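Take a look at the structure below. We will walk through a few of its parts, one at a time.

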Amino acid sequence: MRVSIIGTGYVGLTTGVCLGFLGHKVTCIDSDEGKIALLRAGKTPIYEPFLTELIAEARPNLSFCGDYSAIRDAEVAFIAVGTPPSTDGSPDLRYLSEAARGIGQHYVGDFLVVVNKSTVPIGSGNWVGSLVRDAYEQHHGRKANGNFSVASNPEFLREGTALHDSLYPDRVVIGSDNNRALQVLYSLYRPILDQTFTAPTYLPRPEGVGAVPLISTDLASAELIKYAANAFLATKISYINEIGQLAEKVGADISQVAKGIGLDARIGTRFLQAGIGWGGSCFGKDTAALVATAREYNLSMPIVEAAREINRRQRDRVVEKLLGELKILKGRTIGLLGLAFKPNTDDLREAPAIDIARKLIERGCKVKAHDPVALDRFEREYPGLGVVCCDSPEEVADEADALALITEWQDYRELDWEVMASRMRSPIVLDGRNALDRARLERFGFRYLAIAG
Ligand code: UGA
């Protein structure tokens with residue numbers, strides 16, 4: 001099928017590359033010429049494992065373009081542009097409406113499925129449809145009689161495992177009020193639904209993955225599924241973090257508690273990792289949007305609001321724990337291990353590290369930091385924060401009064417912690433992700449602080 005994808009961020013690029021790999025003819029469109037030039041040269045604007053490899057493999061079916069010309073005869077157009085939060089917390093839909101108008105102006109065929117892949121507020125499908133039709137009518141001077149149908153196809157990929165999640169999803173959700181549009185999307189995703197493609201050697205099909213369940217539903221339900229899924233996962237993390245606080249008081253081990261409850265299949269072991277809580281571009285934004293949408297209908301969402309509050313508190317706990325241990329923070333040197341909001345990405349959006357660094361600096365600390373991948377981005381995006389960037393974890397340890405593990409990169413688990421201790425002013429480590437081997441660290445003389453339990 002001929003597919004256009006507008007927006008080459010995590011979602012758009014991953015979707016485009018995967019569909020190209022499956023044999024569809026894909027054009028990835030982005031107004032950022034720099035990104036397009038990079039992609040044409042076989043490079044990627046984001047860090048995502050195996051993305052360059054898959055781009056190389058899908059290359060015969062992929063093109064990258066700075067304008068909307070490919071929309072002309074497309075069969076499916078995905079809108080995967082950013083919907084960043086505006087100052088009042090509601091998503092900024094400027095790029096979404098630009099994309100919708102661009103589609104309407106450039107399309108000349110009989111039937112195009114316009115797919116909302118960006119996380120859009122519930123009800124946006126209808127709005128996008130009217131923008132596309134208005135732009136078509138203004139540009140072509142004739143009515144858009146059934147030329148367009150809008151569908152929602154929410155994305156469930158996680159950064160860092162984006163390609164794996166796209167090729168081997170737990171489910172595919174498509175929503176539209178038009179049956180023909182649903183049929184088109186069904187055909188598009190057939191190789192994934194039936195798992196008939198040959199898996200790339202570097203992304204082998206996990207054992208036991210068979211046919212992928214398809215949820216084919218109406219537009220509003222598909223839009224709500226996305227929010228409800230993210231809010232549930234965010235709540236699950238906040239729940240374990242709340243239990244973690246009690247675990248600490250009663251002397252229980254939160255990792256054991258998480259395992260003990262997670263092995264109940266009704267609960268599940270995933271997303272029960274206690275720590276400093278969630279960051280990233282999705283959970284914070286989507287839970288805020290869900291609460292805001294409910295408010296428009298005079299509904300409150302106390303569970304989701306509590307999940308947000310607990311997540312905020314976890315970041316304060318880092319400062320409180322360090323204060324409790326060091327007694328005075330003013331003039332102390334604190335080393336942060338990890339800046340990205342989670343491992344295997346260089347994404348810093350809503351990263352707890354930023355908040356924590358800011359709070360510590362406000363308290364008069366000198367903050368040093370390292371990240372295996374996100375350091376360059378951090379230096380570019382936060383030049384005024386006042387954090388001293390270090391090229392190695394050992395450099396962070398030099399003369400530090402305490403270290404805080406913020407992102408659980410594998411490299412940090414495997415550090416020579418004996419050497420780390422020897423370089424510090426006082427060997428204190430706050431394990432913000434409950435990811436380090438406490439007994440081993442204590443053997444090397446560390447005072448080990450857990451964030452929970
Ligand atoms: C999340 C969802 O997991 C995806 O399904 C969804 O498609 C995506 O948002 C989106 O809406 O685009 P992502 O934000 O990439 O994906 O990353 P996650 O792996 O979900 O992690 C989010 C945050 O939660 C990270 O800061 C992570 O460190 C934290 N986390 C995760 C925990 O604190 N504990 C856990 O047990 C799991």
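Which residues in helix 4 are buried? They are Leu96, Ser97, Ala99, Ala100, Gly102, Ile103 and Gly104. Buried means under 20% relative accessible area, exposed means over 50%, and partly exposed lies in between (1.4 Å probe, protein chains only).

A word on the source. This is a predicted model, where local features need pLDDT of at least 70, side-chain atom pairs count only at pLDDT 80 or more, and totals for chains, interfaces and linings use all residues. Residues are numbered from 1 along each chain as its sequence is written, and side-chain values use heavy atoms, with hydrogens and water left out.

Back to helix 4. Helices (H or I, at least four residues) and strands (E, at least two) are DSSP runs, numbered from the N terminus.

Helix 4 (residues 94-106) and helix 5 (residues 124-140) pack at about 40 degrees, with axes 7 Å apart. That makes helix 4 oblique to helix 5. Angles under 35 degrees count as roughly parallel, over 145 as roughly antiparallel, 65 to 115 as roughly perpendicular, and the rest as oblique. Helix 4 and helix 5 cross in a right-handed way. Their contact (heavy atoms within 4.5 Å) includes Leu96 and Ala100 of helix 4, and Trp127 and Leu131 of helix 5. The contact residues divide into 9 nonpolar, 5 polar and 1 charged. Here Ala, Val, Leu, Ile, Met, Phe, Trp, Tyr, Cys and Pro count as nonpolar, Asp, Glu, Lys and Arg as charged, and the others, Gly among them, as polar.

Follow the chain past helix 5. Glycine 146 sits in the loop between helix 5 and strand 6. At 49% relative accessibility, glycine 146 counts as partly exposed. Leaving aside neighbours within four places in sequence, glycine 146 is in contact with Asp110 and Phe111. Leucine 112 is 34 residues from glycine 146 in sequence, but 9.0 Å away in space, C-alpha to C-alpha.

Finish with another helix pair. Helix 8 (residues 219-250) and helix 11 (residues 302-326) pack at about 50 degrees, with axes 9 Å apart. They are therefore oblique to each other. The crossing of helix 8 and helix 11 is left-handed. Their contact residues divide into 5 nonpolar, 6 polar and 5 charged.

Definitions and conventions:
Axes fitted to C-alpha atoms, helices over the stretch in contact; angles between N-to-C directions. Left-handed = near helix turned anticlockwise from the far one by under 90°.
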